[in-house]
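Me: I want to check the labels on this model against their cut-offs. Can we go through them one by one?

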Amino acid sequence: MPKVTFIQTDGKRVVVEDAVGTLMEIATDNEVEGITGDCGGVCSCSTCHIYISPDWQDKVGDPEELEMDTLDFNEEKKPNSRLGCQVEVTEALDGLVVEVAPEE
Amino acid sequence: MTDHDDPFREARARCPILLAQHQGETIPMILRHKDVRRAAKDHAQFSSDAPRRVPIPSEEAVRTVRQYPLEVDPPDHKDYRKLVEPFFLRPKDPEVETRIHALIDTLLDAAIEAAETDIVHDFSIPLQSRALTYLLNVDEKEADLWISWGIHVFKDGDGKSKGPFMEKYCQKMFEAAEKEPGEDFFSALNQAEFQGRKLSMEEKLGYANIAFAGGRDTIIHTATRILKYFAENPKALDCIREHPEMVNTAAEEFFRLFIPLTHIGRVCPVQTDVHGHSVEAGDRVSLTWSSANRDPEVFEAPNEVKLDRKPNPHIAFGFGIHNCLGQHHARAIMRALIQKTAEKVDRIEVISETPLLEEEADYTRKVGYEILRAKFSRREGNP
């Protein structure tokens with residue numbers, strides 16, 4: 001099972017050893033602070049905004065158009081922003097590190 | 001689909017705005033998804049600092065108070081909003097969620113036992129009113145009175161606004177909570193401090209006003225339309241049963257398509273060019289959520305219900321800092337409704353229906369039902 005590390009805005013790390021699902025689902029299942037996933041994962045609410053660690057950006061890939069449109073309206077958007085609900089964790093992402101973006 | 005489901009289809013394809021007459025006021029309605037989201041984010045050009053004028057039509061005749069935190073701009077907006085946020089997050093509490101499930105169980109059982117049910121008055125209004133007592137953490141008996149306020153506090157069928165009754169009722173509730181404080185919404189606002197001072201009665205009534213009026217017809221119509229959809233599409237219930245993970249995506253799809261709130265207003269503090277139309281200082285624009293949610297540039301086959309639509313960047317709960325405080329409540333209710341209906345109900349047969357249309361000079365839009373009589377039948381093997 002892939003391992004994923006979330007770094008909260010207070011600096012605390014939440015390490016999930018057996019990550020299954022999307023980054024949003026994994027974060028909410030493991031009570032990562034700052035990720036609430038209100039819309040259940042349909043790219044509507046932006047409450048699962050994260051920054052992908054630069055080392056992992058290539059492997060995670062870029063957002064699709066609708067996700068990018070939503071991110072474009074987010075004041076905390078950075079070049080490595082993603083919505084966690086749109087990133088499915090696979091074995092290829094074992095070891096992934098992401099930061100929780102601050103609330104807008 | 002009828003034209004009443006998406007009355008803005010042609011206008012939206014032709015032009016970013018529809019200049020529409022609303023009670024003698026010309027209001028440019030912003031129709032496209034990207035433009036609506038952009039305007040919702042731009043508080044400087046499109047302000048909410050307009051007491052009783054943020055809703056369209058304006059509510060100057062039906063309420064006396066400014067609604068908090070809806071009708072406030074930054075920076076104060078944030079401080080106003082955070083005072084009530086804990087209450088509006090209560091539906092995420094598993095205990096509250098369990099109560100919502102139990103309430104829906106009871107209402108569905110009653111509907112199944114009855115020879116016929118008016119979904120609006122026998123199901124959705126009690127559902128909304130009783131669930132609101134869980135959100136506000138008040139005695140469920142209070143809902144008996146709220147149920148009598150009808151579909152829309154300000155404009156129910158008899159044409160008489162219940163707004164003044166509601167304001168008086170809320171004032172009494174604040175006064176009673178002052179004498180005997182509890183863990184409820186009214187007591188919390190009595191004790192709350194805004195920027196180092198207590199709230200005035202006018203402010204407290206403004207919070208209560210939107211808590212009662214804003215989440216009322218919206219929840220009632222959405223629940224009714226979800227059940228109507230299941231009546232017309234019984235296979236969708238099979239689909240939810242086979243794929244319970246679709247409950248969340250189905251709820252979001254219903255929010256997108258069945259949004260009861262056509263639009264909401266903003267005021268331009270100075271003369272502003274809105275897609276080629278000059279809006280005078282103090283005049284209004286409309287953020288037309290219902291049109292944006294059917295924009296074909298964003299939603300493939302926008303008029304089709306796709307229970308597993310994902311991504312689905314709808315803006316049924318608005319967008320930006322003023323997004324709907326009651327969205328967690330709405331989601332908890334509709335997800336439970338979808339799940340429980342799939343579990344318990346085999347078929348819903350519509351007996352008669354009276355759609356509720358919003359008729360304006362330039363469009364007619366279906367927002368829900370005044371009456372929807374139906375017969376529910378129980379799914380075999382479900383006690």
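Reply: Start with a definition: the expected span of a helix is 1.5 Å times one less than its number of residues. Helices (H or I, at least four residues) and strands (E, at least two) are DSSP runs, numbered from the N terminus. This is a predicted model, where local features need pLDDT of at least 70, side-chain atom pairs count only at pLDDT 80 or more, and totals for chains, interfaces and linings use all residues. Residues are numbered from 1 along each chain as its sequence is written, chains are lettered from A in the order in which they are written, and side-chain values use heavy atoms, without hydrogens and water.

Me: How do you know that the length of helix 4 of chain B fits its residue count?

Reply: Helix 4 (residues 94–113) has 20 residues, so it should span 28 Å; the end C-alpha atoms are 29 Å apart, which agrees.

Me: What makes Asp93(B) a cap of helix 4 of chain B?

Reply: A side-chain oxygen of Asp93(B) lies 2.9 Å from the backbone nitrogen of Glu95(B), at the N-terminal end.

Me: Which residues of helix 4 of chain B are called buried?

Reply: Buried means under 20% relative accessible area (1.4 Å probe, protein chains only). Among those of helix 4 are Val96(B), Ile100(B), His101(B) and Asp105(B). Their cover includes helix 5 (119–136) and strand 10 (345–359) of chain B.

Me: Why is the pair Glu75(A) and Lys41(B) called a salt bridge?

Reply: The rule asks for a side-chain nitrogen of Lys or Arg within 4 Å of a carboxyl oxygen of Asp or Glu. Here N to O is 3.9 Å, so the pair qualifies. The count between chain B and chain A is three salt bridges.

Key:
Buried < 20%, exposed > 50% of the residue type's maximum accessible area, 1.4 Å probe, protein only. Contact = heavy atoms within 4.5 Å. Polar contact = N/O pair within 3.5 Å; in protein donor to acceptor, adjacent residues only side chain to side chain.
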